[in-house]
Amino acid sequence: MVELDVISHQLMIIVGIIMYILGFFGNILNICVFTKWSFTRKTPNENNANNRTGNSSLYLLATSIANFILILYPLFVRIYVDGYQNLVTPTSAVLLCKFRYYVLQTSLVISLACICLATFDRYLITARSVRLRQLSTTRRSTQIIILSITIFSALHSIPMALYYDKSSTGDCSIVSLTYSNYYLYFVIVCLYGIFPVCFLSIFGTLTYRQLKMLKHTNQNGSLNIDKQLSRMLLFQCIALVFSYIPYCAQNIYFSKFVDKKVAPTGFNLLFRILTIILFYVNPVMSFYIYYISTPNFRRQVKKIILYLCHNRQTIHNRVHDLTTTIGVH
């Protein structure tokens, strides 16, 4: 049992730090790419279908920002508490429990809602029916929807900050039985599990079928933008399903079959750590899924990196010239 405990904590530290670094830089690049795709000015001669491709980019931009926040703080606290075994104290409960779970739930709901809407938008865009394609919202409407989701998520998560507190085992737990049941059955099972899994499975499958019917390619012979975005989201949906189902199962198991008054050890601790790691796989690996699956995304990332390298070299040359000039005088 002691060996399993040590392995569990070391696993959280090593894998957690690797995931933190990968997710931190990956989501920064995601934000750069989707900002570029979302806010690049369109020329008047571009058709309406191409203009609507920005809707999915806006949803993915919101998802990437939410995932970045999810990694920046909640994952950091997980490593600090579960990896390095720093127990929560009454003075640290606000930051390590209340604020952490408020940020986690708010960010996760935004991320899940926006990825579902992006998938639905891809389904509409790739539909053969003109009526379905016309249902894709305008840029302005998409921005309003994202803002509404953000406000709803922030308000819906307020009870997390109220009811999460230090537990007797030095971890975090919900002190209200009523809200604990609501959180388990509605938030964990439905909001994190059943709804996104079913929604993404249905519309991901429908989009995949429609993708097989798309035969159009651009002049370079590669997939068009609509098809690339749709395929990118399809792989993201698969990762999301495998990421959150184990986490939901773990919450149900610990809620019903494990004594909350005793800190988990042995197999229970290992199971908990593994599901937590899987929980963060989706927000961490999104960039790498996009990069591997989408040629257009790879080209955009390379352009951003080359641009940053060019600017850095330009600044270095200017500093060198200024230093040389000062030295001459």
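**Helix packing and buried residues in a predicted model**

Biologist: In which helix is the place of Ser180?

Modeller: The structure is a predicted model. Within this model, the place of Ser180 is in helix H7.

Biologist: Is Ser180 buried or exposed?

Modeller: Residues under 20% relative accessible area count as buried. The relative accessible area of Ser180 is 14%, so Ser180 is buried.

Biologist: Which residues does Ser180 touch, not counting those up to four places away in sequence?

Modeller: Contact requires heavy atoms within 4.5 Å. With residues up to four places away in sequence not counted, Ser180 touches Ile174 and Lys260.

Biologist: How are helix H3 and helix H7 oriented to each other, roughly parallel or roughly antiparallel?

Modeller: Helix H3 covers residues 93-125 and helix H7 covers residues 177-213; they pack at an angle of about 20°, and their axes are 9 Å apart. Angles under 35 degrees count as roughly parallel. The two helices, H3 and H7, are therefore roughly parallel.

Biologist: How many nonpolar residues does the contact of H3 with H7 have?

Modeller: The crossing of these two helices, H3 and H7, is left-handed. By class, the contact of H3 with H7 has five polar residues, one charged residue and 18 nonpolar residues.

Biologist: Which residues in H10 are met by residues in H1?

Modeller: The crossing of H1 and H10 is left-handed. From H1, the residues taking part are Met19, Leu22, Gly23, Gly26, Asn27, Leu29, Asn30 and Phe34. In H10 they meet Val281, Pro283, Val284, Ser286, Phe287, Tyr288 and Tyr290.

Biologist: How do the residues of the contact of H1 with H10 divide into nonpolar, polar and charged?

Modeller: Gly counts as polar, whereas Tyr and Pro count as nonpolar. On that basis, the contact of H1 with H10 divides into 10 nonpolar, five polar and no charged residues.

Biologist: How many Å apart in space are Met19 and Ile277, C-alpha to C-alpha?

Modeller: Met19 is found in helix H1 and is buried, with a relative accessible area of 9%. Leaving aside neighbours within four places in sequence, Met19 is in contact with Leu75, Ile277, Tyr280, Val281 and Val284. Along the sequence Met19 and Ile277 are 258 residues apart, but C-alpha to C-alpha the separation in space is 8.6 Å.

Biologist: Which residues does Phe254 touch, not counting those up to four places away in sequence?

Modeller: Phe254 is found in helix H8 (residues 225-257) and is buried, with a relative accessible area of 13%. The C-alpha atoms of Phe254 and Pro264 are separated by 9.2 Å, and these residues are 10 apart along the chain. Not counting residues up to four places away in sequence, Phe254 touches Lys260, Pro264, Asn268, Phe271 and Arg272.

Biologist: What pattern does the protein chain follow along the sequence?

Modeller: The secondary structure of the protein chain comes to 11 helices and two strands. Read along the sequence, the pattern is α-α-α-α-α-α-β-β-α-α-α-α-α.

Biologist: What percentage of the residues in the protein chain is buried?

Modeller: The protein chain has 329 residues. A residue counts as buried under 20% relative accessible area, and the buried share of the chain is 48%.

Methods: Residues are numbered from 1 along each chain as its sequence is written. This is a predicted model: local features need pLDDT of at least 70, side-chain atom pairs count only at pLDDT 80 or more; totals for chains, interfaces and linings use all residues. Side-chain values use heavy atoms; hydrogens and water are left out. Axes are lines fitted to C-alpha atoms, for helices over the stretch in contact, and angles run from 0 to 180 degrees between N-to-C directions. Helices (H or I, at least four residues) and strands (E, at least two) are DSSP runs, numbered from the N terminus. Angles under 35 degrees count as roughly parallel, over 145 as roughly antiparallel, 65 to 115 as roughly perpendicular and the rest as oblique. A crossing is left-handed if the near helix is turned anticlockwise from the far one by less than a right angle, and right-handed if clockwise. Buried means under 20% relative accessible area, exposed over 50%, partly exposed in between (1.4 Å probe, protein chains only).
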